[in-house]
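Colleague: Could you take me closely through the surroundings of the ligand, with the contacts spelled out and the cut-offs given as you go?

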Amino acid sequence: MRLVFLGAPGVGKGTQAEKVAAQFGIAKISTGDLLREAVRAQTVLGKDAKSYMDQGKLVPDSVVIGLVRDKLSDPSCANGFVLDGFPRTVPQAEELGHVLSQHNIRLDRVINFQVSREDVVRRLSGRRSCPKCQATFHVEFAPSKKSDSCDRCGEALVQRSDDKRDAIETRLRVYEEQTAPLIAYYDSKHLLTQLDGAGAVEAVYQNLTRVLTPYK
Ligand code: AP5
Ligand code: ZN
């Protein structure tokens with residue numbers, strides 16, 4: 001199964017991608033996670049990316065495309081993949097099309113998660129992340145059993161630097177300007193499914209698995 005998860009920041013792409021990847025045995029490729037990993041490791045790429053990310057702006061296409069191209073060639077993707085947070089611009093989508101055709105494969109489905117602006121702001125403001133194992137929590141909706149530490153690995157949870165109010169505003173604006181056009185782009189290719197992302201994680205997941213059943 002080869003999937004793209006689209007949607008504004010905070011709609012739950014990462015949460016649902018993790019569940020799909022585990023259930024269907026496919027790779028989860030999150031450009032946000034890959035970039036945060038590079039920032040933590042203080043690589044040249046990470047140092048370049050950090051200022052864009054902290055402000056809530058997109059990292060240049062060439063950087064992100066390079067990361068995804070490497071990942072897609074990895075044997076872990078042989079069984080399929082879910083792209084979480086990529087593509088984010090029309091040039092990224094076009095480049096993804098080229099890379100996939102070089103591998104002689106195509107996307108099965110692009111899922112666009114829909115959640116109100118009020119809900120995404122609430123989800124982002126309350127998110128806490130584990131810097132070690134990347135697990136994601138929410139102070140209200142998905143609290144860690146160990147309160148301020150990760151209940152998987154024990155690391156202290158942190159708030160992402162781009163989950164502060166100003167960066168959230170920028171990310172939502174950037175999404176409308178640069179990423180929302182991908183909805184029409186994939187609709188014109190008959191790949192798009194709209195999915196209601198409001199409601200509890202498990203309820204959204206049930207609807208999602210129903211939509212994905214034909215592509216297993
Ligand atoms: P990225 O990490 O991709 O962030 P994003 O798209 O802004 O998405 P989020 O991770 O914020 O949200 P999500 O939809 O995954 O929601 P989640 O499941 O975590 O990108 C970060 C930055 O990296 C970008 O700003 C950019 O600078 C750069 N970047 C990344 N990709 C790029 C690209 N392709 N091109 C250029 N730059 C790129 O859920 C959010 C919270 O809500 C969590 O706390 C969760 O527990 C909770 N939650 C989830 N589902 C529910 C639910 N159903 N009910 C209640 N709470 C829920
Ligand atoms: Zn952890």
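Modeller: A nitrogen atom of ligand 1 lies 2.9 Å from an N or O atom in the side chain of Gln 92, which falls within the limit for a polar contact, a pair of N or O atoms within 3.5 Å. This is a predicted model, in which local features need pLDDT of at least 70 and side-chain atom pairs count only at pLDDT 80 or more, while totals for chains, interfaces and linings use all residues. Residues are numbered from 1 along each chain as its sequence is written, chains are lettered from A and ligands numbered from 1 in the order in which they are written, and side-chain values use heavy atoms, with hydrogens and water left out.

The elements giving two or more residues to the shell are α1 (13-24), α2 (31-40), α6 (117-125) and β6 (136-138), taken as DSSP runs, helices being H or I of at least four residues and strands E of at least two, numbered from the N terminus. The largest share, four residues, comes from α2. Among the 33 residues around ligand 1, those that come nearest are Thr 15, Lys 57, Arg 127, Phe 137 and Arg 171, where a residue is near if one of its heavy atoms lies within 4 Å.

Conventions: A polar contact is a pair of N or O atoms within 3.5 Å; within protein, one must be able to donate a hydrogen and the other to accept it, and residues adjacent in sequence count only if both atoms are side-chain atoms.
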